[in-house]
Amino acid sequence: MADEGGIYKKMATYDKRWVYVVLFITTLGPLISPIGMPIGISAMTKNYYEVLDTLEEGDIVFDTWNMEFSGYMELKPGVLATHKMFIEKGVKLCIAFGHYEGVALPGEIFKQLQTWLDRYDYTEGEDYIIIGYVFPNEAAVAALSQDFHSNVRVDWKGNSIEGTFLDEIQNAGDFDMISDYTTGLATTFMIRHMVLEYDIPMVENSIGVSVPGHLANLDAGLLQGLLASTRGGAELEFLISSPGPGLKAMDAFTLGHYSLIIFIIIGNIGHYGWTRRSGARDRTGIK
């Protein structure tokens, strides 16, 4: 007697190693050559974009990198997309670190932004100044907020900040905005000693696990904008029409999930089709 299982048996008993092969192809492919899958834009990301868009040329942003390398890999799309907006708008950046690994990040980040730096003639010392790892604890945040120049006299390379755009900053209230990228380090310190004390608008680019906590700050008006992890960064890339690592990752996530769904459907159809023929298998002895 012919195999009563037919196509259902093949669907129910396919070699599971094919799942890993297909997942490898569908996730690696978009990372090498992005496809441009559709992506929805959340209201939260749109709001974040609109807040940044209020900045004008010459505004000074306190740009705080409260992240280590592991966190940066998740925040990378939002970090790059946000800085592309700053560079294009001619915003001045005072860059500070809240983690000692921050000293290794500028080389990586500005390498990714080199095309934009060249296009807009955006240079260190004139348009952005890195003051380095100045946030080891809450006391440091409070001190810098109250008297900037008593606590910061040189940049991270030892060059004096006197005579630069930072001459305009006497305390935290002189910044036009705080833009923070965080894995949960000095963010709450800045909210207490800068936002609450000087009423500065602050936007946040947060890793996924910290988003629920920051939503409370957003609802309370302590944050004016919130960008959520890699997905939020991908949405911001779409809004500024500059595809980057976020949209690449979303392509990979989307195709990978589609592949899994297809395999689940195939397996379930095969299982139920093959199970319905159990009686025939019992009679014929087919396994």
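Start by selecting Asp-53, which at 40% relative accessibility counts as partly exposed (buried means under 20% relative accessible area, exposed over 50%, partly exposed in between, with a 1.4 Å probe and protein chains only). This is a predicted model, in which local features need pLDDT of at least 70 and side-chain atom pairs count only at pLDDT 80 or more, while totals for chains, interfaces and linings use all residues. Residues are numbered from 1 along each chain as its sequence is written, and side-chain values use heavy atoms, leaving out hydrogens and water.

Lys-89 and Asp-53 form a salt bridge, with their closest N and O atoms 3.5 Å apart (a side-chain nitrogen of Lys or Arg within 4 Å of a carboxyl oxygen of Asp or Glu). Lys-89 is in helix H4 and Asp-53 in the loop between H3 and E1, so the pair ties together parts 36 residues apart in sequence (helices are DSSP runs of H or I with at least four residues, strands runs of E with at least two, numbered from the N terminus).

Now select Lys-76 and Glu-108, whose side chains meet in a salt bridge (3.7 Å, N to O). Lys-76 lies in helix H4 and Glu-108 in helix H5, 32 residues apart. Lys-76 is buried, at 15% relative accessibility, whereas Glu-108 is partly exposed at 24%.

Then select Trp-65, Phe-86 and Ile-109. They are among the residues with the most contacts inside the largest nonpolar core, which has 35 residues (buried Ala, Val, Leu, Ile, Met, Phe, Trp, Tyr and Cys residues joined through side-chain atoms within 4.5 Å). H4 gives the most to this core, with eight residues.
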